[in-house]
Amino acid sequence: EFVAFYLLLYDILAVNFAYFVALWLRFDLKYSMIPADYMAAFIKFAPIYTLFCVVVFYILRLYKSLWRFAGFSEFNRIFASSIITMIFHIGITIFFRRMPISYYMMGAVMQFGLINIVRFSYRYITMQKARRAKEQLALHNAMIIGAGAAGQVIIRELKNSAESTAKPVCVIDDNVNKWGRLMEGVPVAGGRDSIMEAVKKYNIDQILFAIPTAPAQERR
């Protein structure tokens with residue numbers, strides 16, 4: 001409940017701040033250059049727009065999500081709310097004072113960014129804390145063989161699961177196009193000929209095979 005309350009207060013400030021800054025930017029960051037009729041109209045329709053935003057955010061459950069687990073579903077709902085509120089904002093200004101086109105564009109982009117930042121930054125911070133704590137308690141350095149979908153699932157599980165005792169430190173794959181790249185932040189160290197070298201380099205004491213379609217001979 002407290003998180004939802006603080007998010008509500010933040011959103012009220014964010015939606016107004018975004019469009020005020022958009023108006024300020026439109027007139028070269030000089031408040032004195034903003035025409036009086038633009039500013040007067042903004043002050044009049046801002047409360048109505050703010051109330052509409054809060055209602056839309058509530059209907060789209062932006063105050064009900066567990067933001068430490070936020071993902072594409074939450075991102076899509078924020079995107080949908082931004083589109084709806086942007087259309088309403090354009091519509092309501094017609095009844096007060098038509099604003100510059102750049103104002104609508106910059107305001108919508110900044111509002112979308114501000115609404116996203118506060119929510120996903122919480123998820124990012126909690127994830128980073130959990131990963132650091134887990135890495136400190138890891139008992140094994142794990143090598144993943146296979147930089148495909150199965151390898152990605154294993155790496156994510158090792159990084160995020162509280163029950164895992166291994167830390168993924170390198171990936172092996174025969175596809176030369178993947179060598180030197182990162183998979184979920186873990187380097188692809190080379191192909192099968194690099195296994196022993198990587199074992200020594202990364203102090204590997206656990207190897208996980210992640211190529212479910214490989215025949216038995218290739219696994220051996």
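Trainee: In this predicted model, which residues is Thr 93 in contact with, leaving aside its neighbours within four places in sequence?

Mentor: Beyond those neighbours, Thr 93 is in contact with Phe 45, Arg 98, Met 99 and Tyr 104, and the place of Thr 93 itself is in helix 3.

Trainee: Why is Thr 93 called buried?

Mentor: The word applies to residues under 20% relative accessible area, and Thr 93 has a relative accessible area of 0%, so Thr 93 is buried.

Trainee: Which residues of helix 2 and helix 3 meet?

Mentor: Among them are Phe 45, Ile 48 and Phe 52 in helix 2, which meet residues of helix 3 including Ile 84, Phe 88 and Thr 93.

Trainee: What makes strand 3 and strand 5 edge strands?

Mentor: In the open sheet of 5 strands, the order is 3-4-2-1-5, with mixed pairing. Strand 3 (182-183) and strand 5 (206-209) each pair on one side only, and they are the edge strands.

Trainee: How do strand 1 and strand 2 pair, in the parallel or the antiparallel sense?

Mentor: Strand 1, residues 140-145, and strand 2, residues 166-172, pair in the parallel sense over 6 bridges, and Asn 141 stands opposite Lys 167 in strand 2.

Key: Residues numbered from 1 in each chain as written. Predicted model: local features only at pLDDT ≥ 70, side-chain atom pairs only at ≥ 80, totals over all residues. Heavy atoms only, no water. Contact = heavy atoms within 4.5 Å. Helix = DSSP H or I, 4+ residues; strand = E, 2+ residues; numbered from the N terminus. Buried < 20%, exposed > 50% of the residue type's maximum accessible area, 1.4 Å probe, protein only. Pairing = 2+ DSSP bridges.
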